[in-house]
Every structure is written in structure tokens, then in C-alpha cells.
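Welcome! Here is a short briefing to read with the structure beside you.

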Amino acid sequence: MAESDPEPMASGAGQRLGAPETLGISTLDPGHRPPAMPPGRHVTIRVRMLDDTEELFDISQKASGKVLFDLVCSHMNLIEGDYFGLEFQNHQKMMVWLDHIKPIIKQLRHHLSHAGPKHTILRFAVKFFPPDHAQLLEELTRYLFALQIKHDISCGRLTCNDSSGALMVSHIIQSEIGDFEESQCRSHLLNNNYIPDQMPLIDKIMEFHSKNIGHTPAESDYQLLEVARRLEMYGIRLHPAKDREGTRLSLAVAHTGVLVFQGHTKINAFNWSKVRKLSFKRKRFLIKLRPDLNSSYQDTLEFLMASRDCCKVFWKICVEYHAFFRLFEEPKPKPKPVLFTRGSSFRFSGRTQKQVIDYVKESEFKKIPFERKHSRVQHNSRLSPLPSPRHHEVPTESGAPGLDSPPRRHWKESVLVSAEDPSASRITRASPSHQRNGHDDRIGSVSRMDDTRGSTRPTHPEHLSTGVVSNSPHLSASSGHSHGMVNGQKSLELCSHSPGGRQPSPLTSPLLNDACSVRTDDEDEVRRKRFPTDRAYFIAKELLTTERTYLKDLEVVTVSFQSAVGQDEATPDSLKNTVFSTFEPLHKFHTGFLREVEQRLALWEGRSNAHIKGDYQRIGDVMLKNFQGLKPLTANLHKQSEVLLELEKACRSSRRLEVLCRDFELQKVCYIPLNVFILRPLHRLIHYKQILERLCKHYPATHVDFRDCRAALADVSEVVDQLQGSLIKMENFQKLLELKKDLIGVDNLVVPGREFIRLGCLSKLSGKGLQQRMFFLFNDVILYTSRGMTATNQFKVHGQLPLHGMTIRESEDEWGVPHAFTLVGQQQSVVVAASSLTEMEKWMEDIKGAIEIAKTSNGPSSDLLTSNLTDNKDPSPVSGNKAPLVGPPSGQGPVPLSVICWYRVQSLSFSESCRSLENQLSGNLLRKFKNSNGWQKLWVVFTNFSLFFYKSHQDDYPLASLPLLGYSVTIPSESENIHKDYVFKLHFKSHVYYFRSESEYTFERWMEVIRSATVPSSGARVLNNKESHPH
């Protein structure tokens, strides 16, 4: 196409949104003119911008991709353009990035068999997503990133939970329509769709939007990026693949390295520092790892993709990501071989992230101002710096030229930006060879990773080891998005929406086999047939598996706690001596007991002396002998309460010790609250009693093992009965200490005589309607609180309702609110509504029982609140209160059960909490996701209403966790095509997981303990059971 004469408006094409003319000198590299356009015929290329407007660019047919990209950046006066790229869809419906080095026309003709350049639309998009948006130095760049996030949310690429989605949309509409006005906001949301399934979220979006008052568009962009960058799918583009087992996976690349996804859940990550070489051969994508003695992976991992082109597209973006984020400067081109070539000649072309940051910081040119202003979407605003018949999305600064220019009509009539017009092509970036910024070649500048089409030439190791890149954040461990509720929809589905941190996803763990695939353990079928099938064997095996977990829990106190806290000067000698004298003898005893149980199970299974059977197919004699040896340690078991009291006393008197204990609870090894570990020996006695009861029930009276089991049961029952009263008191004391950390505004929660009864979510009726509140019921008072998205998992107390003189009545008909009841106190009345009839009945029963007890008892009467707080009628979901860091930061340490109840709208009684701790279970399970084929073998521990996942029983800390409150446990239906025995299904909303056990007994046990955490209890309540044991 011949070059067209530019229209008078062409001079504005190179301006930054109406800024003064720069006379053809590039703002990217002062003093250098843009490279000349290659001679030859011209063609017109259409580029779709991030605001969905389209621009035409006139280029030579011989021009490289860099020429066009520089024109696009020049058109927007974009300085940090290196984070972006141009992409188009090839004939295989794959999105391909435009190569900066090769001629544009050749690339389009190669990838598009039928459509020519005239019918191709290139899309300007973010190519490299930095880990922190604060690394983006210009406001225009952050604005373009915000547009990309808006697009990714709308199309479903950036998946998140409802709270995170609503929070991000609130920042988007704040930047578009300004401060909250209810009717305007609702109308705007009804006319514009920002997120899939937006209608159910409108009220939540409006609630968040009402808290953004005063935020400028630039601040809203910043907050949007702050939330988005913490999501697991931020900047992720999935490339379908399969492992060696044929399991469907997806590969992706990020600033940290290569990632492996199953569905939208990240299951593995290979950091650049661990990767020695990336290559592909035909349809196989290969990752060669550096030798690691601590890793179980093979040296080379292999993935199968749909075609060679798919492999090459993904390999190229990996090369570019590695070079951009890891190298200090652009890699130099390799000299062309004289005779023949081996491997691909592709290399990264452009500035690295370090060069971009240094260049923007060090350049002395005067930056053209970019002013973000509110833009109303209904006006169909544009990103283009040229005038529009309607308002610009980003208006030019006041008084800037260009506002009175003739209106632009359809894109076909828009200005053609020609690279040969000095006024239109003034921001073409200089070659990176001119931008060394003083960096020499000592870093190791070649980033290329070979295409292994017959090539065996190794890549230099230093190419993938320069720089320091931290591992991607994990686990819900645990993932905010989700994960999210807790661990997000991403680790616990709870807190991933919090700007302060995100929790990774439940069940997200790097548990792949050597081929980087999900383990399929069908050999377990053969193993099951070879091993004993007697029910007594599986009961004994439960003793073995839970004993392994119990010994690990003891080591948390005897090893980890002692090394982290016990050696510090702030720890009193009395506490050190109490902990050591109590737990060391127990650890020594149970180490020997576990060894004997392992030996007996090995004989029972026939793994040792296979010809010897009969007398070894029992476990009662081992338990009886060891429980008789445990009796002298009964005094140590009585000391558990002393340890708990001593630790609390020491923390109250020493701020440093309190911080040390809090920091210890944030370590991975402390997967449940520290105080629960201290009570573990008492809980373990109850486990022994339950196991022996099942054995005695299974055996006939004539069985050789029956007498020993009955005698052992008598011994352990005697000890349990002696400790029962102390255990109940200590469990209540431990729960009060746990709640003390969860609450802000409470002064005297832990006092003699106070008993915890129930916590959970209720909706409180106020002048603005029903508002979610967290209620805490004790034997003398009810506290109601709310939770803001702060740096801690804490609840702010809004008010207290003393039980003395209180009455309660149902009030559904009175207020027209389902499941509503009224609490009538001496000073105030509160109307609340439960989420279901069952929840209402549980709350009313417990409150009525507590009121009756309060009438006759002389319980604690101290004021719980630090100040005379009243109910906040309009609490902010993003609290501005600067609370002290008492609880663990979001995404670290054990997630409090109160937080899980808040997001899952559940309630929890004291008796249910105790039962969950006493019903511990552990063992191997096979896990399968809803849309996956393979089964993955995991070591799973159930305790404290959660499943914790390990690679093996020898691991010191869990890789992921899944809180079970709100989940349902069922058996898969025929339509789900799970053709295996002993499979149970966990599901909560759209989250579905399948677990497979090895026998009927283990299947029944897992169903039993999980139902104890997921099915609400009925019947006897805490006060009915515990009232005879006051605190």
C-alpha cells in the first residue's frame, strides 16, 4: 500500500494524551532519532488497544515486529512499554506473541494460512507481569495494567472468589464513576458487566464501593492491582498439556519459573534457580532440573502438548520470561554457524526489567505528565490520545492542546500513523544496544534455551541461575484466593480477597511423581489382596498411623518449640523445666511404643518372617505391656495443665516471650494452635480407649487377643477417668486463650468461672437492615463482633449482652425475617437471624441453657470491653482501625476456626470443638479432583475440623490444608463415573474432592470422623455436659 498523506490531526498521534509536541525526539531515548523505516510497499495493520479501541498503523512490508511495537508505544507516549507486547490468533486458534526481530508480514503469513494482514487484528496486551506493581514507575503503565486486569476478570481468565471479585469491581467503578452514590452505582452495575455472574454480587460490590470514598482514579488503579497480584491466577496463561500418565494438566510461566496447574489449582512450581534447561522435541516439552539430593524428581520432566507448534509457543514465552526477569541486560545474539544450524535461533529481544527500571529512574528527560481522571463507562471512552466525539477515558491535563480538535469518527477514518512522518513517529524506542546503562558482560547474558531438534549441546548452567527470585507464595498453607475463604478459594477458600495477603488453595501441593504427574496407585489393589483383610488388622493399623502423627506432634514441643523458644533468655527457667520434665519422658516412651507397634504390624503383614503367623496377628499384648509401663508417667499427664498455666503466666509477664510464641505459631511445623499440642497427651489417651473399645467389640470372647485388649482397656480407662475433669477444664481454658487472640477490644476474657459455649455467624437487624456479625456465647455474656479486612484475622467487638436477666423469644412473624429471634436484655434488645432453622434451634437452646445457669450461679461479672463500645451501625469491610498484631497475619499460621465460621456462615459449639480434637485420624488416602483422571497418594491427618496433607508420614509439616466446616461428605453417585471401592466425596459449593481408602474399615472411619466435623451435632450441649466442672 502506498504511503498516504497524513491528515492535519496526525501531529497529535505521538502526543501523550494531549501533551505538548516533542518535535520528533523520542521520550524513550533522548537525543536519538527513531530507526528509518525499511523501503518497500506499505501495508496497514490494525491494533486493538486495551480499552478495546482500534488503531491503524502504516508500516513497510519489510518492517520487523519491533518497528510496529515502537509505533504503538509512541502512539500512547508509553515509556515502560517493555512489559507489553502484541499478540494475534494463529490458524490453530492459539494466541501468539509478535516476534520483535522477524518481519511482521512473514510472521502473519506463516501463522495465518488464509487470512492476510488486512484481516488480522493484533492485540496490545500485558506480556510480563511483575510480582509487585510498585515496580511500575509510571502512572500510565499502572493504568494500562488495570485495564488488562479488568479484561482478564471479565473474560474469566483471572478466577477468584466472590469477595475478591466484588472488591476488584468496586475499585474499577470507583475509577470510572467516582465516589459512591447508591442509585447511580446500582444503575451503573446493571448496565455494565465486569465479572461473570455479576448480578448476585451487586450488593457486595456496592458495599465495598461505599468504602472507597475519596479514592482518586490512580489510587483505585493501585488498589485494584494490589488485590489482583495476590490471586493465584494473576498473569497466568494456561497451555494445555499431559503428563506421562495421560493426566490433563496445564503449564504456565511466571516471574518465578514454570508452573503446573490442574484445572485452576497450582500443583507444582519449578523455580528458575532449579531449572537447568528448557527444550522441546516434537510434541514433548522437557524441563531439565539441576541435581538435588533432597528432591525425588527425575533429572528431566516430560510433558506432552497438542503439537510441536504448541510446544514452541510455550518454550518461546518461557525464554522471554526468564530473560526479562532474571538477566541484567538483553542477551547478545549468537553468531550464525557457517555450515549448518542446530536448534532454534530464537532469543529474547528487548530490555530486561532491570534495564527498564534503571532507565526510567536515571533518565534526565522531563516526563510528560499523565493525569488520571474519572471516566464513565457509559460514555464509551477511549484510551487514544486523540480527541473523541465523547469524553476520553483518560482526559488530558487542563489546558492541553487537542481538546478542541475535530471529532474522530469510525476507526476506518482515523489517522494512519506512519513511521516516516517525523511528527507522527517520534517515540520509536532506541535499540537496546544503545542502552547498556553501564552493565558489563560479567552477568552471563545468554538466556536462550535450546530447541532439541536433535541437538545435545548443553545450556550453560549460569544462564538460569543469575539473580535471586523467591518461590511463589504457597501454601494455604497455606493460599487467600482462596485463597477465598480460608486458604482461599485458594487455600482455605477464605481470605484470598484480603489485600493484606492471600491464602493459597486447599489441596494445592507439589505432589507429583518423577514424571511430574499425579500418582496413580493401582498397585494398591494388588497390595490389598496380598496383605491381611481382617478388621482387627486395620484397627491395629489405625493405632500405628495415629501413633506416628502423635509422635510428630510431641516433637513439635520437645524439639521445635524448645529450639525456637526454650533457648531464649526471655523464657523463664520454671517454664523450661516444666516443659522438659513433662514432655521428654512421654516422647521417649512413645518412641519405643511406636517401634514395637511397627514391628508387630510387619509380622502381621508377613513382611518379616513370613512363615510365622498366628500369635503375631494381634496387638492387645503390645498395648497391655506398654500401658502398664505408662502408669508411672501418669503424673506427667497431670502436669499438662501446669504447662498450659505456666506458659500463659510467662507470656503475660514477658512481651518478648509472647512475641516468640506468636512467631513460633507462624512456622509451618505448628499447623494447629500451640496450646492444642500441649494438650495432645490427654487427647491421645482417649484415642487409645476408642481403639481398644473397637477391638473388644470386634473380637469374640474366645479370641486369643480379647483378654489382653480388655485388660489394656481397663488400664487406660482408669487413667482417662482420673484425667477427665482436668481435661475438660484445660480444653475450656485453651479455648478462651484462643479466642482472646481472635478478639479486639476485650480486656478480661480469661477469668475464673467463665466457660465458652458457642461461636458463629448471625445476622443482626439494624437501621440499615441485616448485617453479618460474629457472636460469641459464654456462660455469663454474649459478645457480638465484626471482622474487617485488616492485617490480622481478628474480630472487633461491637457490644456485649449480659445473660443475667435476659429473655429470648422467636420473632420471625414480628419482623418478617426468616429464623429470627430476639434477645431481650436489661439494657438493650437485639434482633438476630440465623442462616437456617437448625442453626436457630441450636443457638436458642444454648442461650436458654446459659440463661438458666446464669440465674443460679455466681459467675464472672467483670466488664469484658476495654471501652464503652456501641454497635457500629455501618461497619467497614475494609477496616481502618490499626489493631495490634495479636493474631497471625492473613495467610500465615493456623487459621482460627472463628474466621472459617465467619466466611462459611457456620457455628461451632465447645462440645463439637472438643470432639474434633479427640477424634483424630491419620493415614494414606488417594485424592482426586473433580476434573482429573489420576489419583494422588497423600498422607492425610484429620484434627481440629481440618484435613492436613503431607507427602509422607515422615514430613515435619503439612503441604496444604482443607477446613471442613461447611463441607458435606457423601458417596459418589453413578453419574460421577468413580469406578473404585471405598471412595467418599467432599464438596462445598463448586469445590469437589474425591478420596479413596484402602479398606472398608478405614473408609468407615474416615466417614465417621469427617462427619463429626461437617454434620452439626444435636442433643446434649456443652452446659449439660460440662456444668459440673467449672473453670
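Helix α11 covers residues 535-566, and its end C-alpha atoms lie 44 Å apart, which agrees with the 46 Å that its 32 residues should span at 1.5 Å a residue (the expected span is 1.5 Å times one less than the number of residues). The model is predicted: local features need pLDDT of at least 70, side-chain atom pairs count only at pLDDT 80 or more, and totals for chains, interfaces and linings use all residues. Residues are numbered from 1 along each chain as its sequence is written, and side-chain values use heavy atoms, leaving out hydrogens and water.

**Helix α11**
- A kink of about 40 degrees is centred on Ser560 (the angle between axes fitted to the seven residues ending there and the seven starting there).
- In α11, 26 of the 32 residues are buried (under 20% relative accessible area, with a 1.4 Å probe and protein chains only).

**Its partner, α18**
- α11 packs with helix α18 (residues 680-698) at an angle of about 175 degrees, their axes 10 Å apart (axes are lines fitted to C-alpha atoms over the stretch in contact, and angles run from 0 to 180 degrees between N-to-C directions).
- That makes the two helices, α11 and α18, roughly antiparallel (over 145 degrees).

**Nonpolar cores**
- The largest nonpolar core has 107 residues (buried Ala, Val, Leu, Ile, Met, Phe, Trp, Tyr and Cys joined through side-chain atoms within 4.5 Å).
- Helix α8 (residues 308-326) gives this core its largest share, twelve residues.
- A second, separate core of 77 residues includes Val565 and Leu695.

Methods:
Helices (H or I, at least four residues) and strands (E, at least two) are DSSP runs, numbered from the N terminus. Buried means under 20% relative accessible area, exposed over 50%, partly exposed in between (1.4 Å probe, protein chains only). Angles under 35 degrees count as roughly parallel, over 145 as roughly antiparallel, 65 to 115 as roughly perpendicular and the rest as oblique.
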